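Let's take a look around this protein together, one neighbourhood at a time. Keep the sequence and the 3D view handy as you read.

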Amino acid sequence: MNRADLGAELKRSNNCCQAVLLAFEDILPLDRDTLLLLGSHFGSGMGGMMGTCGALVGAEMVLGILSGQPKGMNGYSRKMFGAFEEKCGASRCIDIKGVMTGHMLCSCEDCVRNAIKLVEERI
């Protein structure tokens with residue numbers, strides 16, 4: 001199973017952020033329980049508030065951890081954000097799920113897949 005499909009499978013029992021983090025568990029220097037805790041508050045657009053998609057947050061976390069750069073990598077982050085919006089139609093959970101429009105732009109599983117693929121392109 002490829003990493004993107006693994007993430008979609010992990011989404012069935014975890015939130016989007018956790019699914020992305022766990023999909024990279026084999027190369028991150030953190031154990032499973034720590035990854036679950038790290039991503040636990042980013043479901044449904046951060047604490048259920050329909051903000052930034054948890055899959056995108058998880059992807060940014062993975063890149064941050066793997067970069068080894070504690071001061072941040074804003075250029076990479078902006079590129080990831082833009083590429084995610086292009087693939088998923090938006091970056092906010094409320095827009096992606098079509099809460100206001102009744103038109104879903106991308107499923108949660110596909111958001112997770114897209115986020116994982118974007119990370120893989122950058123590592």
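The side chain of asparagine 15 reaches the backbone oxygen of serine 40 at 3.5 Å. That makes a polar contact, meaning a pair of N or O atoms within 3.5 Å; within protein, one must be able to donate a hydrogen and the other to accept it, and residues adjacent in sequence count only if both atoms are side-chain atoms. A polar atom of the asparagine 15 side chain also lies 3.0 Å from the backbone oxygen of glycine 39. And at the start of α2, a side-chain oxygen of asparagine 15 comes to within 3.0 Å of the backbone nitrogen of cysteine 17.

A quick word on what you're looking at: this is a predicted model, where local features need pLDDT of at least 70 and side-chain atom pairs count only at pLDDT 80 or more, while totals for chains, interfaces and linings use all residues. Residues are numbered from 1 along each chain as its sequence is written, and side-chain values use heavy atoms, with hydrogens and water left out.

Back to asparagine 15, which sits in the loop between α1 and α2. Helices here (H or I, at least four residues) are DSSP runs, numbered from the N terminus. Is asparagine 15 buried or exposed? It counts as buried because its relative accessibility is 13%; buried means under 20% relative accessible area, exposed over 50%, and partly exposed in between (1.4 Å probe, protein chains only). Not counting residues up to four places away in sequence, asparagine 15 touches Gly39, Ser40, Phe42 and Gly43, where contact means heavy atoms within 4.5 Å.

## Helix α2, tucked inside

How many residues of α2 are buried? The count is 8 of the 8, so α2 is largely enclosed by the rest of the structure. Among them are Cys16, Ala19 and Leu22. The cover over these buried residues includes α1, α3, α4 (54-67) and α7.

## A buried lysine

Now find lysine 11, in helix α1 (residues 3-11). Lysine 11 is buried yet has no salt bridge. A salt bridge is a side-chain nitrogen of Lys or Arg within 4 Å of a carboxyl oxygen of Asp or Glu. The nearest side chain of opposite charge is glutamate 109, 5.6 Å away; for charge, Lys and Arg count as positive and Asp and Glu as negative, while His and the chain ends are not counted. Leaving aside neighbours within four places in sequence, lysine 11 is in contact with Cys16, Ala19, Cys108, Glu109 and Val112.

## Pairs of opposite charge

Side chains of opposite charge can pair when their charged atoms come close. By the salt-bridge rule, the count comes to 8. One of the pairs is arginine 12 with glutamate 9, whose closest N and O atoms are 3.2 Å apart. Arginine 12 is exposed, at 67% relative accessible area, whereas glutamate 9 is partly exposed at 37%.

Arginine 113 and aspartate 110 form another salt bridge, with 2.9 Å between the closest N and O atoms. These two are 3 residues apart in helix α7, so about one helical turn separates them. Arginine 122 pairs with glutamate 121, with closest N and O atoms 3.6 Å apart. Salt bridges that share partners also join Arg3, Asp26 and Glu120 into one network.

## A nonpolar patch

Which residues form a nonpolar patch on the surface? They are Ile27, Leu66 and Ile123, with about 240 Å² of accessible area together. Patches are made of residues with over 30% relative accessible area and no salt bridge: like charges are joined within 9 Å, nonpolar side chains (Val, Leu, Ile, Met, Phe, Trp, Tyr) within 5 Å. The areas come from the Shrake-Rupley method with a 1.4 Å probe, and for residues only the protein chains shown count as cover.

Isoleucine 27 lies in the loop between α2 (16-23) and α3 (32-39), and isoleucine 123 in the segment after α7 (108-122). Not counting residues up to four places away in sequence, isoleucine 123 touches Phe24, Ile27, Leu63 and Leu66.

Most residues other than glycine have a negative phi, and most peptide bonds are trans. Serine 44 has a positive phi of about 50 degrees although it is not a glycine. Methionine 50 also has a positive value, near 65 degrees. Serine 44 lies in the loop between α3 and α4, and methionine 50 is in the loop between α3 and α4 too.
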